[in-house]
Amino acid sequence: MTTTPDQNAAPSARAFAYPGFRLFYVGSVAGTNAGWILRILLSWLAWDLTRSPSFVGLVASASLLPVAFLGPIFGAVTDRMSIKTAFMRVTAALLVVPVAMLVLLATGAMTPTALLILATVFGCGMAAYHPARQSIGPRLVDAPAIGAVVALSAVNFNLGRLLAPAIGGILIAEVGTVPVAVIAVAMLVPNAVIAPFLHPRSGSARREDSSLRADLVEGFTVVWQRWPIRRSLMIAVASLGLIRGVSEILPLVADGLFERGAQGLGLLTSTVGGGALVASLFQVAAGAALVRQRSLRFVIILIGFAGTLGLVYLPTFEMAMAAAALIGFSSTYVGVSLQIGLQARLEDDLRGRVMSIWMLSNTASTAALAFVISWLTEVIGMQVAVLLFVLICTAAVTAIFLTRTE
């Protein structure tokens, strides 16, 4: 049962007023930083083992595509069971990949094939984790605080993106990959330990005659029939797919274009996180009304596209870092503003499915563009490939924004 500090007071709009959310946030902070450390390890090892741009894109896709294709199934499963049980199981399962990575690195048995398998398993774990995480957070607070939950989750995500990759890149360069894998394991433990102590609000009871397939179909039906939800997903695909897709293949920029190695990769990734953190802090302070303004969102998408071009066209690494900050600001502002609108419109027993479809839309487009751009880099060069997709996505976003009603 969700409670405020004062049972007689009106429900608070401040997420941290709820003890359950405060506890959840502690574990989430540790887990998010662990996830970013794992991503930097996967990305760097893909480049270090093969020096192949297409393999870097393949590993990025392998870690993202399971979220896209398995996410809706895990979302339906999450909505059918106790959200607390689902969260406990998935946080424990997330320890598998970093432990296996640690063993392979420590024994010298890491190979490109093993790395690709680990990236795929990591993606499967994330496919289960995201609907559970996005469903349990809003259930730990009352309705007025849901927007704050989404915004604070973005602060956590982007603070992790700012700090963890830079620290991880420096540590990889200075002490090697094994100690970094140990850190990733240790930082995933708090999330699993805290999970049993959470007490989220229960969702509506599922009909006993409702099958998993029927629940899955219901989730897609809700997304398709509710125009504001469908429109949000279309905007995410057309804008965030490109911006975040380029962010997934930063080794091609850090070392491929500028020859800065693992430290350069960490710095670029952290700079993306810095811009993203600024956006998420602004959203916490500004409130949902400003954040959800359509015209402002459109301008910020265009800024993100400009940053994407700058990342590959600007002549110095320092200038590319400035472009990376624009990418981070834009992708986070747009993503969080769309999520606030989605979460505010959803019933508790639909959160797992609809938010997993949101993840499907984002990760499928991100993974596809990361792979296609990395492949085209070997054919026509990264600059031409990025320019081509910026033009396509700008036209698509403009068309969606001009469509106000069905």
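Is S361 buried or exposed, and what is its relative accessible area?

Modeller: Bear in mind that this is a predicted model. S361 has a relative accessible area of 12%. That is under 20%, so S361 counts as buried. Its place in the chain is helix α15, which covers residues 351-380. Set aside the neighbours within four places in sequence, and S361 is in contact with L233 and V237.

Helix α9 spans residues 227-247. The axes of α9 and α15 come within 8 Å. They cross at roughly 35°, and the crossing is right-handed.

Now follow α15 to another serine. R351 and G352 are in contact with S135, as are T78 and I83, once neighbours within four places in sequence are left aside. R351 belongs to the span of α15, residues 351-380. S135 itself sits in helix α5. Its relative accessibility is 0%, so S135 counts as buried. The C-alpha atoms of S135 and S28 are separated by 13 Å, although the two residues are 107 apart along the chain.

N156 is found in helix α6, residues 146-175. With a relative accessible area of 6%, N156 is under the 20% cut-off, and therefore buried.

Helix α5 also matters for the largest pocket, to whose lining α5 gives six residues, the most of any element. Rolling a probe the size of a water molecule over the atoms shows where empty space is left. The volume of the largest pocket is about 260 Å³. Its lining has 18 residues, and those closest to the centre are F74, V90, A93, G125 and A128. Two or more lining residues come from each of α2 (53-80), α3 (83-93), α4 (96-107) and α5 (112-139). By class, the lining has 15 nonpolar, two polar and one charged residues.

R51 is in the loop between α1 (19-50) and α2. Its relative accessible area is 45%, so R51 is partly exposed. Most residues other than glycine have a negative phi. The phi of R51, however, is positive, near 55°.

S202 is in the loop between α7 (177-194) and α8 (212-225). S202 has a relative accessible area of 63%. That is over 50%, so S202 is exposed. S202 and K84 are 118 residues apart along the chain, and their C-alpha atoms are separated by 9.1 Å.

Terms used. Residues are numbered from 1 along each chain as its sequence is written. This is a predicted model: local features need pLDDT of at least 70, side-chain atom pairs count only at pLDDT 80 or more; totals for chains, interfaces and linings use all residues. Side-chain values use heavy atoms; hydrogens and water are left out. Helices (H or I, at least four residues) and strands (E, at least two) are DSSP runs, numbered from the N terminus. Buried means under 20% relative accessible area, exposed over 50%, partly exposed in between (1.4 Å probe, protein chains only). Contact means heavy atoms within 4.5 Å. On a 1 Å grid over the protein atoms alone, a cavity is a set of points where a 1.4 Å probe fits but cannot get out, and a pocket is an open set with protein on both sides within 12 Å along at least five of seven lines; lining residues have an atom within 4 Å of a point. Grid points are joined across faces, edges and corners, and a volume is the space filled by probe spheres set on the points. Ala, Val, Leu, Ile, Met, Phe, Trp, Tyr, Cys and Pro count as nonpolar, Asp, Glu, Lys and Arg as charged, and the others, Gly among them, as polar. Axes are lines fitted to C-alpha atoms, for helices over the stretch in contact, and angles run from 0 to 180 degrees between N-to-C directions. A crossing is left-handed if the near helix is turned anticlockwise from the far one by less than a right angle, and right-handed if clockwise.
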